[in-house]
Amino acid sequence: MFGRWLGDRTNRAGRTNRAGGAGRTAGAGRAGGAGRLGAGRAGRVGRVGGPLSAVAVPPSAGVLSCRVLDPVNEPVRHAEFAVSDAMGRKVVGGGLDPFGSFVATVPAGDYRLAVSAEGFTPYRANATVGESAHASLGDVMLQIAPPPALPEPGDWEIDPLHSSVAFTARHIGLARIHGRFNSFAGAIRLGERMEDSAMHVVIDAASIDTAVQMRDDHLRSGDFLDVGRFPTMEFYGDRFVHKGGSRWAITGGLTLHGVTRTVTLETEYLGVGQGLEGETRVACRASTELHRDDFTINWQTMLARGIAAIGPSITIDLDIQVLPKG
């Protein structure tokens, strides 16, 4: 009886071993087939290893990634990155995801990465991306940039030769029309505290210039600016609010087409510098959006498909340099 029991055990073990061998053989066959299939696909699309193993990349390409943090290890979500090749040509760029990261697929090669963000010192690094490889720069920590030095208190005036007052309007719901005002003047009184400053700008409405004479004549007419009745536009700003870093908001009254409305200029202060003759200069950029109806400039014509020929809002962009008065 014991012999029969032992024989039964041996037979069952043999069957088990044979099944295991078959499993191993089948598994090896499947693995080999999968390997050959993968090799066939590799000629067309590769896959990056590591955490990005599921990312398919084109032939001769790889993946570059980075995460951008501030000094307390929080993501810098508003940062922007730019990747340039060895010739200095921009390959890819843009903003970061909510975690302060970016992942970009680029041709294999050597690259220069630049990361910038308002209020931080720019970051630059070199990276080499291999074929079907993941080049990670890991966590990049941006350092807080010292704020630009504020100008001396006193009276300053706009330098019209190195300044511009430009605008952009939507046309037929598709394109944009760009223009500028060629004649303007302005003065700024900077207080001991920047918040105590004030500015006054006067623009010659008839100096509007979109590079098309017929259009400019129409814009000067009673349908729009009506320069015969309202020859100038004026802005008087007396509320300077610091919004962090080099950003300021300047709020005041804009008088246009005989109507005064409160307007805020979103301003970027660019700092103090010296001109070619050693003169002190202060520069800034500013922008705002105006709605024509707010200033009773409501001329409109509609296209056949119900789209306005001219959009309801206008974007104003200022590039300003000021000099000490006198």
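Is D226 buried or exposed? D226 counts as buried, because its relative accessibility is 13% and buried means under 20% relative accessible area, with exposed over 50% and partly exposed in between (1.4 Å probe, protein chains only). Welcome to a short tour of the structure above. This is a predicted model, in which local features need pLDDT of at least 70 and side-chain atom pairs count only at pLDDT 80 or more, while totals for chains, interfaces and linings use all residues. Residues are numbered from 1 along each chain as its sequence is written, and side-chain values use heavy atoms, with hydrogens and water left out.

**The chain as a whole**

- The protein chain has 2 helices and 20 strands; helices (H or I, at least four residues) and strands (E, at least two) are DSSP runs, numbered from the N terminus.
- Of the 326 residues in the protein chain, 33% are buried.
- The accessible surface of the chain is about 19,200 Å², and carbon and sulfur atoms account for 55% of that area; areas come from the Shrake-Rupley method with a 1.4 Å probe, and for residues only the protein chains shown count as cover.
- Taking contacts between residues at least 6 apart in sequence, 56% join residues at least 24 apart; contact means heavy atoms within 4.5 Å.

**Two open sheets**

- Strands of a sheet pair through backbone hydrogen bonds, either parallel or antiparallel.
- Another open sheet has 4 strands in the order β5-β4-β7-β8, with antiparallel pairing.
- Here the edge strands are β5 (90–95) and β8 (123–129), each pairing on one side only.
- From one strand to the next, the twist in this sheet averages 20°.
- Strands β4 (residues 80–85) and β7 (residues 109–116) are joined in the antiparallel sense by 6 bridges, and A82 has A114 in β7 as its bridge partner.

- Strand β17 (residues 247–256) runs antiparallel to β18 (residues 259–274), with 10 bridges joining them; G253 stands opposite T262 in β18.
- The β17 and β18 hairpin has 2 residues between its strands, and H257 in the turn has a positive phi of about 60°.
- Next, 8 bridges join β18 to β19 (residues 280–291), and these strands also run antiparallel.
- In the β18 and β19 hairpin there are 5 residues between the strands, and G278 takes a positive phi near 85°.

**Nonpolar cores**

- In soluble globular proteins, nonpolar side chains tend to be buried together.
- The largest nonpolar core holds 38 residues, of which F181, L225 and L256 touch the most other members; such a core is a set of buried Ala, Val, Leu, Ile, Met, Phe, Trp, Tyr and Cys residues joined through side-chain atoms within 4.5 Å.
- Apart from it lies another core of 21 residues, including V83, F120, A135 and L142.
- Leaving aside neighbours within four places in sequence, the contacts of F181 include V165, F167, I203, L225 and M233.

**Residues worth a click**

- D226 sits in the loop between α2 (213–220) and β16 (232–242).
- Setting aside neighbours within four places in sequence, D226 is in contact with L219, R220, S221 and H257; H257 is the turn residue of the β17 and β18 hairpin.
- G237 lies in strand β16 and counts as buried at 0% relative accessibility.
- Although 40 residues apart along the chain, G237 and S197 have C-alpha atoms separated by 8.6 Å.
- Beyond residues up to four places away in sequence, G237 touches S197, A198, M199, I250, T251 and G252.

**Cysteines**

- C66 is buried, with a relative accessible area of 4%.
- C284 is partly exposed at 22%, and Y269 stands opposite C284 in β19.
- The disulfide count is 0, where a disulfide is a pair of cysteine sulfur atoms within 2.5 Å.

Note on methods:
Two strands pair if DSSP finds at least two bridges between them. Axes are lines fitted to C-alpha atoms, for helices over the stretch in contact, and angles run from 0 to 180 degrees between N-to-C directions.
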